[in-house]
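I am keeping these entries as I look things up, and I write down each term's cut-off when I first need it. I begin with the whole chain and then turn to single residues.

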Amino acid sequence: MAKVNSPALNVLSYIKTNKIQFVDFKFMDFPGQWQHFSVPVNQLSEDSFEDGFGFDGSSIRGWKHIHESDMLIIPDATTMFLDPFITLPTISMICDVYEPATKEKYSRCPRNIAQKADAYLKSTGIADTAYFGPEAEFFIFDDVRFDSGPNFSYYSVDSIEGKWNSGREEDPNLGYKPRYKEAYFPVPPTDKLNDIRNEMVVNLMNMGIDVETQHHEVASGGQCEIDLRFAPLLKAADQLLMFKYVVKNTARKNGKTVTYMPKPIFGDNGSGMHVHTSLWTKGKPLFAGGGYAGLSEMALYYIGGLLKHAPSLLAFTNPTTNSYKRLVPGFEAPVNLAYSQRNRSASIRIPMFSNNPKTKRVEFRCPDASSNPYLAFSAIMMAGLDGIKNRIDPGDPLDKDIYDLSPEELKDVPSTPDSLGKALEALADDHEYLLKGDVFTEDVINTWIDYKIAKEIKPMALRPHPFEFEMYFDV
């Protein structure tokens, strides 16, 4: 039974005081989408936080076969929030997934993997906390249409801000369409999305999420960014899912739509998710020191691990075929595996805004927000820890603008994989570092690879692309 003043009792007290009518349970599927179901509030008791609720695991992507489908979710009472997007008074809680027969956490539950990563970090004695601060970029569109069939395929996105609409009849067209690659930080009326971003921020703060800033991003057509304050690994992943939920639903309430798809617009910047990360122990930062860019030896080895394992790491941090349409040269995308202070053309940057040791961190710039944050953050940390444990030298920093380097200067700088298939091949060849502490398992790695090939790579490879008609129809 729950203890006095326990999180479970706090939830039950909140329900009674605020006349809550429903409880919504949210949990993560394997690829990276939140799932949910709701129960009337009278179905929740103290025992629910131990006994959980059953559901059909065979209907969740990447999980069970139909002959072994029964599973349990158990809510984490510490994650409760009042859900502003459900009409009747409803609280939401994030859940862990369990095997009903053994009452053990399900090995393919992404949140379980993040929890095991936290436990492994503590077991190493290297640090007791890994902090993560994601910067997830996204597009706000006014309209999106897409479809495909045996004899057709198309997509169309639109935005009042799109430069392509400069000549459109809008009764009246008032102009102020930000130019391609020039939409970073313009004031209104060029930035037409400031009010909706503020509304998103208020909704986030009302849910207990600490927001640092919001702004327009580089691309025309409604690219935006809202930055969350750093948090421990598990909490950071939980909050990133809450963030995406809030942003999408706030946009919908305003008659707009949001995508975290990395490259929805051709010829302009894609959406990344720069991930800031650092290790701490007993409240003290471990990445500050007397080395390059004010980094400790530990931080440099952590970078060495990220650079060594980056090709396989990207199978989790950039897990869609569309991810690799962003990771191409010329659009500020970090395709060259190097590190540098201040330099945003490097895949790993050391921010230099402050000399405070508590702000010293490593920014991994490859990831995008199509990733499953539990898997992505865990894999990033595991790669960094492998660098520390094996004292992997990151080599010399690259403090030049990488995009201005000659082919001769670039020939020794390794690059990111140029496709999801290449990243999955790298993961198949290089994943021992992920298996330490049973954080990832061979089953998880193999299932991830098989799922991505069967459900994404092969279906994409089989279909004619609309642009192929422009290139080849008259052959």
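The entries below record what I looked up, one topic at a time.

**Ground rules.** I note that this is a predicted model, in which local features need pLDDT of at least 70 and side-chain atom pairs count only at pLDDT 80 or more, while totals for chains, interfaces and linings use all residues. Residues are numbered from 1 along each chain as its sequence is written, and side-chain values use heavy atoms, with hydrogens and water left out.

**The whole protein.** I found 13 helices and 18 strands; helices (H or I, at least four residues) and strands (E, at least two) are DSSP runs, numbered from the N terminus. The C-alpha atoms fill a box of roughly 65 × 60 × 50 Å along the principal axes. I then looked up the radius of gyration, which is taken over C-alpha atoms and compared with a globule rule of 2.2 Å times the number of residues to the power 0.38. For 475 residues a compact globule would have a value near 23 Å, and the protein, at 23 Å, agrees with that.

Buried residues make up 53% of the 475 residues, where buried means under 20% relative accessible area, exposed over 50%, and partly exposed in between (1.4 Å probe, protein chains only). Among contacts (heavy atoms within 4.5 Å) between residues at least 6 apart in sequence, 67% join residues at least 24 apart.

**Aspartate 29.** Which side chain makes a polar contact with the side chain of aspartate 29? I found that of arginine 61, at 2.9 Å; a polar contact is a pair of N or O atoms within 3.5 Å, and within protein one must be able to donate a hydrogen and the other to accept it, while residues adjacent in sequence count only if both atoms are side-chain atoms. The side chain of aspartate 29 also reaches the backbone nitrogen of glutamine 33 at 2.7 Å. Aspartate 29 lies in the loop between β1 (22–28) and β2 (34–40), and I recorded it as buried because its relative accessible area is 0%. Not counting residues up to four places away in sequence, aspartate 29 touches residues including Trp63, Pro110 and Asn372.

**Two threonines.** Threonine 259 lies in strand β13 (residues 257–259) and, at 19% relative accessibility, counts as buried. Its side chain reaches the backbone nitrogen of methionine 261 at 3.0 Å, and, leaving aside neighbours within four places in sequence, threonine 259 is in contact with Phe138, Phe139, Phe141 and Pro264. Threonine 321, by contrast, is in the loop between α6 (297–317) and α7 (323–326) and counts as partly exposed, at 22%.

**Backbone details.** I kept in mind that most residues other than glycine have a negative phi, and most peptide bonds are trans. Where did I find cis peptide bonds? One joins aspartate 171 and proline 172, with omega about -5 degrees, and another joins proline 188 and proline 189, with omega about 10 degrees. Proline 172 lies in the loop between β9 (152–158) and α4 (194–206), and proline 189 is placed in the loop between β9 and α4 as well. Lysine 181 also lies in that loop; although not a glycine, lysine 181 has a positive phi of about 65 degrees, and at 41% relative accessibility it counts as partly exposed. Arginine 391, in the loop between α8 (373–389) and α9 (407–410), has a positive phi of about 50 degrees.
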